[in-house]
Amino acid sequence: MKIQQNHTSDINLKIKRRRWTNVGAIYLILLLFSVLFMGTFLFGALSSLKDDPSSWPPTLKTEQLSPKNWIGAYILARQGGGGGFFGELKSGHEVSFQVTYKYPMGIKIVPPQVIVPKRFKGSGRAALELDREFVADFVKIIPVEEIGRISVRDGNQVSYKIDIINPSQKDFDELPLDLLVPYKVDFLSATLSPNRIERLGRVQSWNNLVSGVIPYIFHNHFRVFNENYSRTTGRRLFTTWIFNSFFISIIKVLTTLMFASMAGYALARLKFYGKNYLFVLILFSMMIPGQVTFISNYLVLRDGIFGLTKLFGGGSLLNTFTGLIISGLVGASAVFIMKQFFEGLPKEMEESARIDGASTYQIFSKIMLPLAKPALGALTILTFQGVWNEFFWPLVIITSPMDKFTLTIGLLSFKDTYASGTFDWGPILAGAIISALPIIILFIVFQRYFVEGASFSGIKG
Amino acid sequence: MENRWSSLKEKTAPYVLLSPFLFGFIIFFSYAFIRSLYFSFTDYDLFSVPNWVGINNYINLFKERLFTTALKNSLTFAIIVTTLQTIFALLLAVAMNQKIKGIRFFRTAYYMPSVTSSIVITLIFMWMFQRRGVINYLLTLLRQHGLTIGVFLTLLTGIQLLLVVTEKIRGRPVEYLEPSYIVISIIFAFIVTYVLKDFGIIKLAEVKAVDIFWLNTREKVPSWAGPLAFPRPLGAIMILNIWTTVPTFMILYLAGLQGIPKVLYEAAEVDGAKGWQKFWYITIPQLKHITFLVVTLGLIGTLQMFDQVKIIGSQAPLESTITLAYYVYDSAFPGASAPKVGMASAAAVILALLTLTIVLIQKKFSGEGRDLRD
């Protein structure tokens, strides 16, 4: 008897142990997959902070995320007279900066040469479009002062204090700096880590000493907003694109909700001539790629929908939001989803309302619509996501001016803006990450609807 | 009078409710589709009056090398991506179909690539596929640590076999993949590999940085496949596309998995079925209609692949990435030369026919008829 009991507990222990290891293994697998699926984004987001996201080897280490540099950026910006988080170089202020080098044995110890360079903002086409005053023409560099020397095993560690004054009446939003040291002298550390080290270590280069903490961390993200101006209106392009995308998405969500539920209800519950043919045609349309129909649609919009727009004093609908919206008031798949949903609802309430003498319109608006809330929720998310991410159709009908671009087409234009031989990946990645943010936030908040929407749209076939 | 008015209102109600949808549907789909058909038999160029040219456009298309390349690329892309994404989605769904804590977090994490736009994903991938990019770096790391990984895996298998065989000799029932033993094997293999490495017995291989051109190349992979090989940039887009679509289809499979009655598995267990047997004889047949759906959606989606080709643009040679959808766009809106709307429309019609044919064949082949209607 006792032996048997021992045996059972042995087996129980084994089962328990097995269950735990099983769970562990599952978590391990799930975690590995998350790295695969989310890691790409996180790595992209992390690299969008870097000065040069395509430096080799690609590392997770990012100067912009080191607290030491945050403190440095804060102190320097305060010295410049601005706030610590968003800095500037105000009139009459002095910025004091420390840097340490290692001079190997046999190299003469001379202080670094300080240069405030005249640097164009931005790169590629963006650089050509901005003209401005250079801070270099106004500031005064005070001779470099040695503040410490420690002798180490094979040389000396020397620290210098570099002071730059803005004696002019003007305020500047940036202070770039280059330090030049003799060959073989090693850069060790500075109040703020340099953005680049060039010419085999001889030049350490800073984009902006007085940026403040936030612009220091999100350097590329600020560039996206600050370096793209419209040639026609002078407004910031990236902000305009975000606004455009929001505007079009919201309008299309509203029209889709309204018209899809109307059409879906008619298809699901009302009898009319040609209903079955229409339904087959809708299914057919969902299989046909947009590239099949776009030429005619392009022409229709070019001619203002058979000249109808002339009645309202308009002309061509190309390059207009009206054109973009009117050609996609409601998608066939949205109608399909609503039809499926309405068909799944019980008929009793509707029938009793009809006996009470309610009209079709009353039944639709008073009874069916309130019941359709869950489907409308999923449809809202699905439509918003679809319109926000839409690429092909805006590409076809919106070509100029850049003010009219949606975010997706705007991002595509970054490939020209930030390319000169090689890509300046910093702002491109930053722009991509920023434009994905609204959808990701929406997704995290309304996760349930996304998943429902996916299974809804899955039904469509 | 009142009565007649309300009866008229009732009779017209379906059409009134449908009218906003029908407005768009008729102009921007039906009319457009018919017009594309018509254009495909003309020499229209957006500006002058179209002339009827019969089936000349279709004949000329198949004489044009760029078109046949696009056709081949589209088909290769559709077949490979659909196959792989279906398999991965199914496996991932099976792995996700667990009642454990935090599964929601993982679902969120996995679904992320599917909600963001093609431009965002493609830009990030282009950055990773640069010559000095993340993908090449990871490959370099893999080559450097190849020996270490090999030693680790050999040790892992060895220890596991040893443990299982000893148990078997003692006459205890044990499976080859007994999880608790795997954990022990992993720990031991890790420690031994670490020690070997620490003593310098295993060294990092001296390799050059991997220097694969992912985008700017005309090379075809796999090199042994002859005429079946596809351009490497297209392969890069395949990786990208599988990565973004797998999560969506995983959600569909997950819903299907949750609908399989538990009784089936329990009955199989009573009959002594093993894990993989249950998967093969219960899970897969039960998910048949979802698989049909996933394959259909996959084919429709992959055949119209356009965005990635446009976004990668001049980063890769055109014939290495061009698809049918892009061919249509490029012929209708070529940068410098005159628009060839006739040719573009003919290619568009072929694309539509191709999609329909493949979906119909698929439907017949898998013997599923009702799904499209339900």
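Q: What's the angle between α9 and α12 of chain B, and how far apart are their axes?
A: Helix α9 (residues 232-258) of chain B and helix α12 (residues 288-303) of chain B pack at about 160 degrees, with axes 10 Å apart. Axes are lines fitted to C-alpha atoms, for helices over the stretch in contact, and angles run from 0 to 180 degrees between N-to-C directions.

Q: Before we go on, what kind of model is this?
A: It's a predicted model, where local features need pLDDT of at least 70, side-chain atom pairs count only at pLDDT 80 or more, and totals for chains, interfaces and linings use all residues. Residues are numbered from 1 along each chain as its sequence is written, and chains are lettered from A and ligands numbered from 1 in the order in which they are written.

Q: OK. Which residues of α9(B) and α12(B) meet?
A: From α9(B) there are T245(B), F249(B), L252(B), Y253(B) and G256(B), and they meet I290(B), L293(B), V294(B) and G301(B) in α12(B). Contact means C-beta atoms, placed from the backbone, within 7 Å. By class, that's six nonpolar, three polar and no charged residues. Ala, Val, Leu, Ile, Met, Phe, Trp, Tyr, Cys and Pro count as nonpolar, Asp, Glu, Lys and Arg as charged, and the others, Gly among them, as polar.

Q: And how do α7 and α8 of chain B pack?
A: Helix α7 (residues 146-169) of chain B packs on helix α8 (residues 179-198) of chain B at about 140 degrees, with the axes 8 Å apart. That makes α7(B) and α8(B) oblique to each other.

Q: What's in the contact of α7(B) with α8(B), by class?
A: You get 15 nonpolar, four polar and one charged residues there. Among them are F152(B), L155(B) and I159(B) in α7(B), and I182(B), F188(B) and V192(B) in α8(B).

Q: Switching topic: how many residues does each chain put into the contact between chains A and B?
A: Chain B gives 78 residues and chain A gives 76. On the chain B side, the largest share, 21 residues, comes from helix α1 (residues 2-39) of chain B. That side of chain B divides into 55 nonpolar, 17 polar and six charged residues.

Q: Is chain A compact or spread out?
A: Chain A has 18 helices and 10 strands. Its radius of gyration is 32 Å, well over the 23 Å that the globule rule gives for 461 residues, so chain A is more spread out than a compact globule. The radius is taken over C-alpha atoms, and the rule is 2.2 Å times the number of residues to the power 0.38.

Q: What about chain B?
A: Chain B has 16 helices and two strands.

Q: Which residues are buried in α5 of chain A?
A: In helix α5 (residues 219-226) of chain A, they are H219(A), N220(A), H221(A), R223(A) and V224(A). Buried means 20 or more other C-beta atoms within 10 Å of the residue's own, exposed means 12 or fewer, and partly exposed is in between, with C-beta atoms placed from the backbone. What covers them includes α4 (213-217), α6 (237-269) and α17 (425-445) of chain A.

Key. Helix = DSSP H or I, 4+ residues; strand = E, 2+ residues; numbered from the N terminus. Parallel < 35°, antiparallel > 145°, perpendicular 65-115°, else oblique. Contact = placed C-beta atoms within 7 Å.
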